[in-house]
Amino acid sequence: MDGAKPGGAWIGRAMARREDVRLLTGRGRFVDDLTPGGALVLEVLRSPHGSGRIDGLDVTGARALPGVVAVFTAADLAGLGSAAVNALLPGVAAVPLPLLAVGRVQAVGQAVAAVVATSREVARDAVDLIVLDVAEDEAGPVPLLRHVWGAPFEPRGVPVMARVDHALVAPLALEPRAALAVPEEGGLCVWLSTQTPQRGRDDLCAILGIGRGRLRVIAPDVGGAFGGKASLMPEDALVALAALRLGQAVHWCATRSDEFQAATQGRGAASSGTLWLDADGRVRGLRAELEFPLGHWMPYSALAPLRNGGRILPGPYNVAAVEVVAGASLTNGAAVNIYRGAGRPEAAMLMERLMDRGAQALGLDPLELRRRNLALAPQVLPSGDRLCSGNFAGLLDQLERESGYAGLRAAQVARRAAGEVCGLGLALYVEPCGQGWETAEIRLMGDGRLVALTGSSAQG
């Protein structure tokens with residue numbers, strides 16, 4: 001960037017150029033591309049232990065290394081505020097973002113200390129000089145909440161059961177997480193690879209204890225997100241804190257190892273349920289249990305998967321009696337947050353598997369069983385959410401017609417008779433939408449150009 005200092009006119013020029021950016025030609029501008037000359041680099045010491053008391057943390061060797069400007073431990077962070085956690089369910093005791101481990105480590109990859117140096121190489125060498133002593137233990141999951149939708153009922157009919165265990169997944173975008181913080185007159189400008197620049201600004205202000213007028217957050221081009229960049233992370237806040245205290249630009253970019261160890265994860269739920277059907281194939285009752293891991297701290301949207309999974313059931317089907325019990329526990333792992341659907345796939349997979357099991361038990365075609373149990377909108381779900389619209393019968397009719405469903409079934413029978421293992425999957429689901437708010441503005445410029453301004457940010 002020609003050694004120019006981010007902030008002020010530099011930012012104006014960079015943002016103006018975005019109109020001409022064509023990512024496919026290699027001219028995108030990502031956070032790691034924006035590091036100005038002379039910027040300091042931050043690196044993090046991560047715990048190799050999953051759980052245990054910190055008996056020793058010696059940073060003297062790191063502080064003495066030439067080129068090291070500062071080393072931060074939890075003792076240096078006293079008095080900071082906390083990032084927000086969206087309390088989507090009542091009675092939840094939030095466990096907010098820990099910038100550095102205090103007293104004990106709770107997960108492999110948790111940040112324990114941060115080094116700021118004149119180069120990435122020096123910073124990494126300094127991290128290797130830090131001595132961490134942990135007395136490991138066997139701390140297990142800690143139940144945090146239990147929420148019930150619907151009401152207990154006396155089951156009647158033929159029961160079918162299903163269980164779906166969702167593996168934990170690691171979101172891995174083309175661009176790793178990155179942050180650049182630059183002091184500017186009266187405040188700070190922070191560049192983040194993020195899905196939520198507005199929330200990032202609010203959380204940084206709360207952590208650092210400064211007003212919103214003194215801090216700007218800019219999300220340039222973002223090379224993928226998928227939920228993994230939806231919340232403020234410890235490194236984001238550490239970069240901003242270091243820049244504010246040192247009065248210099250500070251930069252950090254995750255490695256793939258950082259992402260696997262310490263970025264938020266997704267899924268991980270265990271979903272089980274029982275469906276009761278009468279002899280005519282009408283669903284009379286649904287009882288489901290959803291168990292979600294949260295990791296060792298809670299990002300802003302940590303409860304969204306659990307809440308979505310619970311309130312969506314029984315989906316687009318008319319079920320006379322429903323009881324859904326959802327629980328969440330703190331675990332000794334990375335934080336688990338929203339990822340590609342955030343509870344919607346968990347609910348849909350369980351309900352659709354139960355419907356298939358019900359069809360098998362009664363000897364009905366899976367499409368016919370679904371057709372007999374479709375909900376009529378508008379309707380209030382057991383969660384209290386309103387199914388405001390939807391022509392589900394029309395959707396099934398269209399699917400049957402346009403897919404050539406009868407032919408597909410006949411082909412399946414023939415292929416199985418020939419020894420092949422093959423199936424035909426059906427899924428019909430609903431999900432919450434049309435909530436919240438957004439801003440947009442279109443300006444007609446004097447030279448005839450139209451300029452569109454939107455509160456949404458591109459995420460690759």
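1. Basis of the note. In this predicted model, local features need pLDDT of at least 70 and side-chain atom pairs count only at pLDDT 80 or more, whereas totals for chains, interfaces and linings use all residues. Residues are numbered from 1 along each chain as its sequence is written, and side-chain values use heavy atoms, with hydrogens and water left out.

2. Seven strands form an open sheet in the order 3-5-1-13-10-11-12, and their pairing is mixed; helices (H or I, at least four residues) and strands (E, at least two) are DSSP runs numbered from the N terminus, and two strands pair if DSSP finds at least two bridges between them. Strand 3 (68-72) and strand 12 (215-218) are the edge strands, each pairing on one side only. From one strand to the next the twist averages 20 degrees, where axes are lines fitted to C-alpha atoms, for helices over the stretch in contact, and angles run from 0 to 180 degrees between N-to-C directions.

3. Strand 1 and strand 13. Strand 1 (residues 40-46) and strand 13 (residues 250-253) run parallel and are joined by two bridges, and V250 in strand 13 is the bridge partner of L40.

4. Helices on the sheet. Helix 3 (residues 120-129) packs on the sheet, where it touches strand 1, strand 3, strand 5 (111-117) and strand 13, and its direction makes about 25 degrees with that of strand 1; contact here means heavy atoms within 4.5 Å. Helix 5 (residues 234-246) lies across strand 1, strand 3, strand 5, strand 10 (178-184), strand 11 (187-192) and strand 13, and runs at about 25 degrees to strand 10.

5. Strand 11 and its partners. Strand 10 and strand 11 run antiparallel, joined by six bridges, with A179 having L192 in strand 11 as its bridge partner. The two strands form a hairpin with two residues between them, and G186 in the turn has a positive phi of about 80 degrees. With strand 12, strand 11 pairs in the parallel sense over four bridges, and V190 stands opposite V217 of strand 12.

6. Burial of strand 11. Because six of the six residues of strand 11 are buried, this strand is largely enclosed by the rest of the structure; buried means under 20% relative accessible area, exposed over 50%, and partly exposed in between (1.4 Å probe, protein chains only). In a regular strand the side chains alternate between the two faces of the sheet. In strand 11 both faces are covered, with G187, C189 and W191 buried on one side and L188, V190 and L192 buried on the other.

7. A buried glutamate. E175 sits in the loop between strand 9 (168-169) and strand 10, and E175 counts as buried because its relative accessibility is 9%. Leaving aside neighbours within four places in sequence, the residues in contact with E175 are F30, V31, S193, D221, V222, G223 and K229.

8. The largest pocket. The largest pocket holds about 1,000 Å³ of space and is lined by 30 residues, of which R199, Y300, S301, Q435 and G436 lie nearest its centre. Helix 4 (197-208) and helix 7 (304-312) are the elements that give two or more residues to this lining, and helix 4 gives the largest share, five residues. On a 1 Å grid over the protein atoms alone, a cavity is a set of points where a 1.4 Å probe fits but cannot get out, whereas a pocket is an open set with protein on both sides within 12 Å along at least five of seven lines, and lining residues have an atom within 4 Å of a point. Grid points are joined across faces, edges and corners, and a volume is the space filled by probe spheres set on the points.

9. Helix 7. Eight of the nine residues of helix 7 are buried, and what covers these buried residues includes strand 7 (142-150), strand 16 (283-293), strand 17 (321-330) and helix 8 (344-362).

10. Backbone details to check. A cis peptide bond joins L313 and P314, with omega about 5 degrees, and P314 is in the loop between helix 7 and strand 17. The peptide bond from A377 to P378 is also cis, with omega near 0 degrees. R267, in strand 14 (residues 266-267), has a positive phi near 65 degrees although it is a residue other than glycine.
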